[in-house]
Amino acid sequence: QVQLVESGGGLVQAGGSLRLSCAAYGNIASIGAISWYRQAAGKERELVAEIKSVGNINYADSVKGRFTISRDNARNTVHLQMNSLNPEDTAVYYCNMFISKIGQTYYALYWGQGTQVTVSS
């Protein structure tokens with residue numbers, strides 16, 4: 001089995017920073033694209049940032065210049081550094097990864113359980 005475990009969420013004041021991490025565990029052969037999504041209360045889940053296996057990166061316009069996504073392929077881990085946080089960033093943050101398990105010839109999408117980020121004004 002494959003499991004994604006997220007960490008790093010919490011409560012922070014506006015203007016502060018948080019660093020989210022998401023680690024994949026299991027019989028993993030390869031990881032493709034990785035993304036962070038967020039879902040605020042009463043709103044749809046939205047893409048925050050994504051990083052492809054070759055390193056291409058995309059950000060939502062709302063977080064450009066404030067958030068940085070990075071991956072550590074040796075540790076099957078992705079990070080999301082969030083700076084200059086504002087109350088509109090309050091949401092549950094989810095990571096997902098396209099993972100090919102050992103013995104598989106395809107990639108499947110896995111999601112983390114989510115971590116709450118709350119930014120107070």
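Arg66 and Asp89 form a salt bridge in which the closest N and O atoms are 2.8 Å apart; a salt bridge is a side-chain nitrogen of Lys or Arg within 4 Å of a carboxyl oxygen of Asp or Glu. Arg66 lies in the loop between strand 6 (57-59) and strand 7 (67-72), and Asp89 lies in the loop between strand 8 and strand 9, so the pair ties together parts that are 23 residues apart in sequence. Strands (E, at least two residues) are DSSP runs, numbered from the N terminus. The model is predicted, with local features requiring pLDDT of at least 70 and side-chain atom pairs counting only at pLDDT 80 or more, while totals for chains, interfaces and linings use all residues. Residues are numbered from 1 along each chain as its sequence is written, and side-chain values use heavy atoms, with hydrogens and water left out.

Arg66 is buried, with a relative accessible area of 15%, and Asp89 is also buried, at 1%. Here, buried means under 20% relative accessible area, exposed means over 50%, and partly exposed is in between (1.4 Å probe, protein chains only). The structure holds five salt bridges. Another of them links Asp72 with Arg75, where the closest N and O atoms are 3.0 Å apart. Asp72 is partly exposed, with a relative accessible area of 22%, whereas Arg75 is exposed at 61% relative accessibility. Salt bridges that share partners join Arg38, Glu46, Arg66 and Asp89 into one network. Lys64 forms a salt bridge with Asp61, and the closest N and O atoms of this pair are 3.1 Å apart. Asp61 counts as exposed because its relative accessibility is 65%.

A search of the whole structure finds one disulfide, defined as a pair of cysteine sulfur atoms within 2.5 Å. The bond joins Cys22 to Cys95, with an S to S distance of 1.9 Å.

His79 is found in strand 8 (residues 77-82). This histidine is buried, with a relative accessible area of 14%. Its side chain makes a polar contact with the side chain of Ser21 at 2.8 Å. A polar contact is a pair of N or O atoms within 3.5 Å; within protein, one must be able to donate a hydrogen and the other to accept it, and residues adjacent in sequence count only if both atoms are side-chain atoms. When residues up to four places away in sequence are not counted, His79 touches Arg19, Leu20, Ser21, Trp36, Thr68, Ile69 and Ser70, contact meaning heavy atoms within 4.5 Å.

Leu109 has its place in strand 10 (residues 108-111) and counts as partly exposed, at 38% relative accessibility.

Notes: Helices (H or I, at least four residues) and strands (E, at least two) are DSSP runs, numbered from the N terminus.
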